[in-house]
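Please read these notes beside the sequence and the model. They are set out as numbered points, one topic to each.

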Amino acid sequence: MPLTLDQYADYLDPRGLPWPVPPEVERPKARPHLARLPQVRAVLWNVYGTLLSISTGDLLFKHPQQFVMDVALDKTIQEFKMWGSMSRKPGQPAEYMRQIYDQVLIEQQLAPGGGEKHPEVASERVWEAILKKLLQKDYKFDAGFFGSLNEFSRKIAYFFHASLQGTACYPEAAAALRHVHDCGLAQGLLADGQCFTVVQLRRGLAAQDAATALDDLIDPTLRALSAEQRARKPSERLFRHALAALAQRGLTPEQVLHVGSRVQQDLIPARRLGMRTALFAGDRASLQATPEQLRDPPGRPDVLLTELGQIAEVVGPA
């Protein structure tokens with residue numbers, strides 16, 4: 001049986017491969033604004049920059065530092081033995097792969113989005129398109145180990161992005177999720193994310209607290225990720241998908257709290273659709289909020305968290 005994506009991530013652990021370290025959290029100058037929201041019956045979390053710390057505060061397809069990008073590409077070429085099926089042009093393998101990757105990424109970005117104003121690119125589709133080019137030059141992979149072409153593409157996407165940016169859960173992330181769950185509230189994800197995002201979150205939580213099982217805390221049916229919906233924040237498609245899943249449980253938008261770190265992408269669309277909002281201002285890298293936005297009613301959050309554990313003072317029994 002081929003490895004699942006979770007199993008593949010575990011398979012990499014004992015091999016001693018070098019990975020970028022998670023960024024150190026730099027706390028901004030912010031004071032919490034906490035208020036009990038007794039009407040809230042569901043909490044939807046953003047992931048990158050809210051539950052997971054990540055360099056630059058958001059998931060990248062291309063790193064602004066070419067050296068970092070080339071290291072990630074070179075590691076990917078070596079790990080999956082791609083060089084034998086790549087044109088042997090002068091220059092380094094990463095340089096040539098970067099040209100292929102950039103071309104495919106542009107093609108994916110320009111693909112029809114069905115009228116969506118904020119279309120999302122799925123990382124595994126980028127790598128699947130690259131693999132199809134390599135397969136034309138007799139590239140082979142172990143389907144018994146990696147799975148189908150699509151499953152293999154997802155594993156490459158995980159490996160490449162793990163080589164590009166280190167991630168780790170913010171302090172108290174596991175405790176915050178457990179508090180919401182133990183209060184009997186519905187809990188989900190509403191985030192820009194890829195096929196491997198849940199794997200990264202699950203591993204981050206386990207590293208923080210081995211007893212934390214993501215599937216026990218967050219129902220898979222309440223995970224709205226941009227790559228799956230082909231729309232990224234502030235797309236209403238993504239937000240409406242999450243609200244529709246909660247509506248099946250009898251919950252209305254005003255009973256839902258969305259926790260994010262960006263006013264424009266997270267809070268404003270949530271508030272426009274009737275949700276309550278919480279701004280996580282715990283990391284300078286991910287926080288995107290100006291004083292003007294925080295004063296303006298469309299962007300003003302109901303609460304401001306500087307630590308994830310403060311969610312216990314906002315939802316659940318007093």
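1. The lining of the largest cavity divides into 1 nonpolar, 2 polar and 3 charged residues. Here Ala, Val, Leu, Ile, Met, Phe, Trp, Tyr, Cys and Pro count as nonpolar, Asp, Glu, Lys and Arg as charged, and the others, Gly among them, as polar. The lining residues are Asn46, Tyr48, Gly57, Asp58, Asp192 and Arg262. A cavity is a set of points on a 1 Å grid over the protein atoms alone where a 1.4 Å probe fits but cannot get out, and lining residues have an atom within 4 Å of a point.

2. This is a predicted model, in which local features need pLDDT of at least 70 and side-chain atom pairs count only at pLDDT 80 or more, while totals for chains, interfaces and linings use all residues. Residues are numbered from 1 along each chain as its sequence is written, and side-chain values use heavy atoms, with hydrogens and water left out.

3. The whole structure was searched for cavities of 30 Å³ or more, and 1 was found. The largest cavity holds about 40 Å³, a volume being the space filled by probe spheres set on grid points that are joined across faces, edges and corners.

4. The largest nonpolar core has 76 residues, of which Trp45, Met82, Trp127, Leu257 and Ile311 touch the most other members. Such a core is a set of buried Ala, Val, Leu, Ile, Met, Phe, Trp, Tyr and Cys residues joined through side-chain atoms within 4.5 Å; buried means under 20% relative accessible area with a 1.4 Å probe, protein chains only.

5. Which residues does isoleucine 311 contact, leaving aside its neighbours within four places in sequence? They are Trp45, Ala176, His179, Val180, Leu257, Val259 and Leu305, contact meaning heavy atoms within 4.5 Å.

6. Helix H3 covers residues 93–109; helices are DSSP runs (H or I, at least four residues) numbered from the N terminus. Its 17 residues reach 24 Å from first C-alpha to last, close to the 24 Å expected at 1.5 Å a residue, where the expected span is 1.5 Å times one less than the number of residues. The buried residues of H3 pack against H2 (66–79), H4 (123–135) and H6 (149–164).

7. Arginine 98 has its place in H3. Arginine 98 counts as buried because its relative accessible area is 18%.

8. In H4, the buried residues include Trp127, Glu124 and Glu128. The buried residues of H4 pack against H2, H3 and H6.

Note on methods: Buried means under 20% relative accessible area, exposed over 50%, partly exposed in between (1.4 Å probe, protein chains only). Helices (H or I, at least four residues) and strands (E, at least two) are DSSP runs, numbered from the N terminus. On a 1 Å grid over the protein atoms alone, a cavity is a set of points where a 1.4 Å probe fits but cannot get out, and a pocket is an open set with protein on both sides within 12 Å along at least five of seven lines; lining residues have an atom within 4 Å of a point.
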